[in-house]
Amino acid sequence: MNANDGRDEPILIVPPRAVSESQSQMAEVVLPNDANPLGNLLGGRLMHLIDIAGALAAHRHSHSHVVTASIDHIDFRRPVQIGDLLILKSSVNRAFNTSMETGVKCWVENYIAGTKRHVSSAYLTFVAVDRHGIHVPVPPVVPETPEEKRRFEDAGHRREAHKRERERKKATRQVQG
């Protein structure tokens, strides 16, 4: 086998990338077909948009196809109403071997009143894959600002907590037989 494990796509070694290189932003106007009977955006629709926004940052960082591995945490802080302009901002917090944690923050902008309010936040993990679905390496993230450095460290802590939880569940399953 060659260095590509028999695949026809080359494995590229890419240099580290700054967080700013992956940052993405989406805007969406909330329409009636996206809302519940109270006129608020459906939570599942917001989750869908968050998944897309997170994938944009992961794709930009990895220069690869990406698949969602997990949604670690999501907060619905305030309702989003029909007619609101929803802004989703995403960036890669940290990259591991083939996976990346992205953070997505959602804001509602009232373009008439000139106000913005934070409505939701989420952390998602994406895995970079080639066109055959095989995991591919991703470049390291270089955090530059104090906020990026904090998010980088927090992502490492969340990853360790997930690892401990997986090990605890595995041990519990083995005891239960």
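User: Which residue lies over the face of Phe96, and at what distance from the ring centre?

Analyst: A charge sits over a ring if NZ of Lys or CZ of Arg is within 6 Å of the ring centre and within 35 degrees of the ring normal. In this predicted model, Arg159 lies over the face of Phe96, 4.0 Å from the ring centre. The charged end of Lys116 sits over the ring of Trp107, at 5.6 Å from its centre. Local features need pLDDT of at least 70 and side-chain atom pairs count only at pLDDT 80 or more, while totals for chains, interfaces and linings use all residues. Residues are numbered from 1 along each chain as its sequence is written, and side-chain values use heavy atoms, with hydrogens and water left out.

User: How many salt bridges does the structure hold?

Analyst: Side chains of opposite charge can pair when their charged atoms come close. The structure holds eight salt bridges, each being a side-chain nitrogen of Lys or Arg within 4 Å of a carboxyl oxygen of Asp or Glu. One of them joins Glu28 and Arg45, at 3.1 Å from N to O. Glu28 is in strand E2 (residues 24-29) and Arg45 in helix H1, 17 residues apart, so this pair links distant parts of the chain. Helices (H or I, at least four residues) and strands (E, at least two) are DSSP runs, numbered from the N terminus. Glu28, Asp34 and Arg45 are linked in a network of salt bridges.

User: Where do Asp84 and Arg117 lie?

Analyst: The side chains of Asp84 and Arg117 meet in a salt bridge of 3.5 Å, N to O. Asp84 lies in the loop between strand E3 (65-76) and strand E4 (85-95) and Arg117 in strand E6 (residues 115-129), so the pair ties together parts that are 33 residues apart in sequence.

User: Is Asp84 buried or exposed?

Analyst: Buried means under 20% relative accessible area, exposed over 50%, and partly exposed in between (1.4 Å probe, protein chains only). Asp84 is buried, because its relative accessible area is 15%, whereas Arg117 is partly exposed at 28%.

User: How many residues apart are Arg150 and Asp154 in helix H2?

Analyst: An α-helix has 3.6 residues a turn, so residues three or four places apart point the same way. Arg150 and Asp154 are four residues apart in helix H2, about one turn. They form a salt bridge, with the closest N and O atoms 2.6 Å apart.

User: What span should the 20 residues of H1 have?

Analyst: The expected span is 1.5 Å times one less than the number of residues. For H1 this gives 28 Å, and the end C-alpha atoms are 28 Å apart, which agrees.
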